[in-house]
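Please open the structure in a viewer and keep the selection tool at hand.

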Amino acid sequence: MDFSINSQQKEIVDLVKQIVDREIRPRAIDMDRSGKIPDELLQILVSSGVTSMAVPAAYGGPGLGVDTLGLLYEELGRGCAGVATVCAANALASYPVLIAGTEEQKKRFFDSVLSGRMAAFALTEPGAGSDAGAVSCRAEKTEGGYRLTGIKCFITNGPIADQIVVFANTRKTGGIRGLTVFLADSSMEGFSIGKIEDKMGIRASATSELIFDHCFVPEENRIGREGMGFRIAMETLDHSRAVVGAVSVGIAQAALEAAVIYAHQRKQFGVKVASFEMVQQMIADMAMETEAARALVQKACWMQEKEDPQSGVMAAMAKCLASDTAMKVSTTAVQVMGGNGYSKENQAEKYMRDAKVMQIYEGTNQIQRLVIANGVSY
Ligand code: COS
């Protein structure tokens with residue numbers, strides 16, 4: 001395994017870093033307050049290819065390897081985890097299409113993402129969170145397609161998505177054997193946006209309920225066979241969890257940087273607080289833990305790139321460790337900065353709030369530990 005960054009990766013990481021430093025970081029506090037990403041910034045992200053960076057080369061995208069994508073999502077996470085989440089949701093929604101879609105579906109989906117239309121992955125329901133197989137959204141067979149009825153909740157990009165990859169049950173009796181995936185469009189009759197969440201963190205990313213009321217989806221929009229949905233969902237999460245790990249490392253890195261800069265500027269008892277051993281210990285632990293999380297995330301991405309059969313378990317480890325690290329490091333950053341860290345004038349408390357959801361979404365860290373425990377055998 002090689003941790004060195006080649007010149008092509010460096011070029012693209014530097015490009016995203018510039019966008020992060022010039023366009024995202026200066027807007028982060030305002031986006032956190034307003035609870036939305038400005039159209040102007042979204043347009044910059046679309047035109048610079050940041051919202052479509054996971055599109056494969058075969059469908060007109062940059063065709064970046066998972067190892068490179070990991071570096072880019074870390075950079076976005078360092079800038080603003082909410083913005084990173086908006087972009088990562090396009091990638092999350094693309095996996096079911098890549099895993100089980102037809103060539104026509106793939107072309108249609110990726111053409112849309114490349115043209116700047118946003119996507120959402122709609123699995124979770126009020127009664128189906130950790131128990132993903134308990135989806136009750138119903139897909140009733142009708143002439144030429146299906147009628148979808150049900151409510152999805154906590155859907156990232158819900159209010160701004162044009163394409164929605166939605167999981168519904170084709171069996172009246174429910175159960176994972178009936179779970180099926182469909183590609184819905186926000187313009188379809190019977191589709192509407194429900195409650196928009198007022199969240200603790202990642203506030204630049206809009207999250208909402210999606211309501212399907214006898215929404216007609218043509219047969220050609222079914223992704224994979226009827227009943228394949230649970231497997232597709234699990235394989236999707238196996239792919240996407242490393243990305244959550246990468247965004248988490250970005251949050252930890254941003255918190256570490258903020259704490260170090262502060263500790264070298266802030267004076268108490270006539271000296272910089274960075275000269276106190278107790279502060280040094282906090283900084284050393286933050287730096288060490290961030291590096292360890294980064295190494296695990298990079299290994300998970302590398303294994304995915306090599307299509308290693310254990311990459312799903314490694315992605316669960318990376319997501320779990322990196323998000324726990326982001327939570328710990330951002331909390332310590334607030335401690336290093338004291339009252340100034342607790343104030344909304346600085347970003348340290350935002351990092352703490354953003355880190356919290358990393359331990360929750362795309363499977364709680366309790367679920368990750370379950371996946372890990374079931375996946376290790378010697
Ligand atoms: N890849 C492919 N297939 C998988 C799989 C994977 N990673 N994990 C499970 N499966 C298959 C199993 O092989 C099994 O198939 P068979 O019945 O044909 O043998 C089937 O799926 C059911 O597996 P299992 O019994 O392990 O499923 P559980 O209902 O016990 O659920 C967990 C497993 C808890 C791991 C799953 O529900 C989960 O990941 N929940 C969290 C969901 C989540 O992350 N939600 C976040 C919102 S989405 S952003």
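**First stop: Thr325**

The model on display is predicted. Select Thr325 and show the residues around it; apart from neighbours within four places in sequence, Thr325 is in contact with Glu289, Thr290 and Ala293. Thr325 belongs to helix H9, which covers residues 311-342. Its relative accessible area is 9%, so Thr325 is buried. Next, display the backbone of Leu321: the side chain of Thr325 reaches the backbone oxygen of Leu321 at 2.7 Å.

**Second stop: the domains**

Colour the chain by its domain assignment, which gives domain 1 (7-117), domain 2 (119-227) and domain 3 (230-375). The contact takes 24 residues from domain 1 and 30 residues from domain 3. The size of an interface is often given as the accessible area lost when the parts come together. Between domain 1 and domain 3 the buried area is about 2300 Å², and carbon and sulfur atoms give 65% of that area.

Which polar features link the two domains? Between domain 1 and domain 3 there are five residue pairs in polar contact, and the count of salt bridges is three. On the side of domain 1 that touches domain 3, the elements that give two or more residues are helix H2 (28-34), helix H4 (66-79) and helix H5 (81-100). Of these, H5 gives the most, with nine residues. The residues of this side of domain 1 divide into 14 nonpolar, four polar and six charged.

Select Ile99, which is found in helix H5. With a relative accessible area of 28%, Ile99 is partly exposed. Beyond its neighbours within four places in sequence, Ile99 is in contact with Ile232, Glu235, Thr236 and His239.

Move on to Ser240, which lies in helix H7 (residues 229-265). Is Ser240 buried or exposed? Its relative accessibility is 3%, so Ser240 counts as buried. Leaving aside neighbours within four places in sequence, Ser240 is in contact with Leu92, Tyr95 and Glu362.

Side chains of opposite charge can pair when their charged atoms come close. The model holds 23 salt bridges. Begin with Asp21, Glu75, Arg78 and Glu257, which are linked in a network of salt bridges. Arg78 forms a salt bridge with Asp21, with the closest N and O atoms 3.0 Å apart. Because Arg78 lies in helix H4 and Asp21 in helix H1 (residues 7-24), the pair ties together parts that are 57 residues apart in sequence. Arg78 counts as buried at 6% relative accessibility, whereas Asp21 counts as partly exposed at 36%. Now select Glu257, which forms a salt bridge with Arg78 at a closest N and O separation of 3.7 Å.

Finally, select Arg353 and Asp32, whose side chains meet in a salt bridge (2.7 Å, N to O). Arg353 lies in helix H10 (residues 348-358) and Asp32 in helix H2, so this pair ties together parts that are 321 residues apart in sequence. Arg353 is buried, with a relative accessible area of 14%; Asp32 is buried too, with a relative accessible area of 8%.

Notes:
Residues numbered from 1 in each chain as written. Predicted model: local features only at pLDDT ≥ 70, side-chain atom pairs only at ≥ 80, totals over all residues. Heavy atoms only, no water. Helix = DSSP H or I, 4+ residues; strand = E, 2+ residues; numbered from the N terminus. Buried < 20%, exposed > 50% of the residue type's maximum accessible area, 1.4 Å probe, protein only. Contact = heavy atoms within 4.5 Å. Domains from an automatic or database assignment. Buried area = accessible area lost by both parts, 1.4 Å probe. Salt bridge = Lys/Arg side-chain N within 4 Å of Asp/Glu carboxyl O. Polar contact = N/O pair within 3.5 Å; in protein donor to acceptor, adjacent residues only side chain to side chain. Nonpolar A, V, L, I, M, F, W, Y, C, P; charged D, E, K, R; others polar.
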